[in-house]
Amino acid sequence: MDDGWLVTLGEADPPNLSQGNAVQLLPDGELACNAMIESIDEAENTIHLVQLEFDPDFFATFVDFTDACPPQPVGDVESSPKKPIGGQRKLVDALIAAARREGVRVRILLNYDPQSILPSSSYRKLEKICRETNIELADLGIMPRSFGLLHAKAVVVDGSTAFLSGLPFAQGYLDTQLHCVTDPRRGDGAGGDFPPLGGVGNGVGNKPAHTVSLKMDGPSASDMNKTFIDLWNSVSTSTIDPPRMVPDRPGRQSIQIVRSSPPLQANGLSNGEKGVLESYLRAIHNAQNLIYIEAQYYTSPIINNSLRDALRAKQELQLILLVNENPDIPTYKFWQNDLLSPLMRDFPDQVGVFSLWRTQRPHEGQEKVRIMQCYMEAKVAIVDDRWGSIGSANLDGVSLDHAFEFIPTPCLSASDGWRNVEINAILYDGIAGQPGDTGEVFRIRNLLWNEHLESVGGGEPLADAGLSRLSIWTNIANDNIRSLNLDQSMSGRILPYSPALSSKDQLIQLGIDVNRLDVAPVVPH
């Protein structure tokens, strides 16, 4: 592999690279779902949706609450046990309405296989709805031929607007930027697919959930659409002709669509693909000053070794990792600790690892401030404010390389290319010979940091105010430890990462007096 930034997959010309795109960051589910519904309502020709999970009872929009963080539990029992309080519109209803419009075709490609160890419980319900409407539904059926999931999450409208969705379409993942400890918009929360493992827990539960989605207008949406068409045509008898028109170029952003895939019958994927992994390795190798990562899972030795090499070679390089204290796959906590503990020990002045937490003041009848983990569902990376990655791929084996975390004999998963189907968008800003200096990657980091550090109001992020970026994060996290002990408050939403297994033990390890707090369990209900 050469030293360049662009993903080549070993070819002379980088695939799925385009210029002239417009982009919009959509942090958290409320903003993302509102934007997706708006585009679906305006569709004139096609809506192509690919998802890991799509619950037909998923409410995508809500009425505004007078209280920003309403204290009610979940469920409007009098009207419907499936309808969260304030639920306004289901995503499936928007798709049904679109499919009824003249000239609009709606197609859904969903993860499902009846023999899978992780079956999509919503597939059969959605299948029934599709039979009664004009919506077309297909599943990729990766299992049992391979081990992996259709993990990509995207919506493409009219081949010219595309969304990389940061959330499965299930109620527990829809959240606002406030990430309230109690919020009926999250319904009954999100479950897990594995048996619980001691105090590590299983699933998301009713935690606040941080997601990141990206809207793209322009040629990159056409590249996304081509991937959907190739996957769809490999499993559906109702094939789609390749699009003939290339969308306009409404912006200046260069974007490359990169993928992970096991060997599939889809066009161009007969040998599988590891484009997402290549993109990360190239960016880490070329990093000079800052690598910022938001990761649901961090278990990949390849990524970890690449980061260690980069930190060792460039002492001015800083790494800020925002990860889950307890991933929803219980064994992942142990994989994560095996990588993070040596990383923090060996590079104490260059590496900071943090997690998101939220507090809620006592309501009537309560005596203590409640503190709860905020679940990290995002998959984001920023390098030097010039390179950015947003998409569905986690930093684990099954998303990037092969499913070593799940297979007793990893050599089998490696040789057969057992991995998920993933889609990421890579933004190049004034690098890799790409035109323009758009500032979009910086703005993405700015928006995310303003949310996590609560430096709301725009302008420069707190971390660009004079101190090193890592120092600002470390100072805020340590200040939160002191303030939680003093008056049970937090400024910003971050605490240092703890290798301990339970929420209570994590706070104790950080030096926080848990007797003065109502500590939510790892999987709150």
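Predicted model: local features only at pLDDT ≥ 70, side-chain atom pairs only at ≥ 80, totals over all residues.
I started with who touches whom: Leu277, Tyr280, Leu281 and Ile284 of H5 are in contact with Ile302, Ile303, Ser306, Leu307 and Ala310 of H6. Sorting these contact residues gave me eight nonpolar, one polar and no charged.

Next I looked up the geometry, since two packed helices are described by the angle between their axes and the distance between the axes. H5 covers residues 275–286, and its axis comes within 9 Å of the H6 axis, with a crossing of roughly 15°. Angles under 35 degrees count as roughly parallel, so H5 is roughly parallel to H6. I also jotted down the handedness: the H5 and H6 crossing is right-handed.

Then I moved on to the other neighbour. H6 (residues 301–313) and H7 (residues 332–346) have axes that come within 11 Å and cross at roughly 5°. That makes H6 roughly parallel to H7 too.

Which residues of H6 meet H7? I found Pro301, Asn304, Arg308 and Leu311 on the H6 side, and Leu339, Pro342, Leu343 and Asp346 on the H7 side. This contact divides into five nonpolar, one polar and two charged residues.

Last, I zoomed out to the whole protein chain. I noted 12 helices and 22 strands. Of its 525 residues, 61% are buried. Among contacts with a separation of 6 or more, 76% join residues 24 or more positions apart.

Terms used:
Residues numbered from 1 in each chain as written. Heavy atoms only, no water. Axes fitted to C-alpha atoms, helices over the stretch in contact; angles between N-to-C directions. Helix = DSSP H or I, 4+ residues; strand = E, 2+ residues; numbered from the N terminus. Parallel < 35°, antiparallel > 145°, perpendicular 65-115°, else oblique. Contact = heavy atoms within 4.5 Å. Nonpolar A, V, L, I, M, F, W, Y, C, P; charged D, E, K, R; others polar. Buried < 20%, exposed > 50% of the residue type's maximum accessible area, 1.4 Å probe, protein only. Left-handed = near helix turned anticlockwise from the far one by under 90°.
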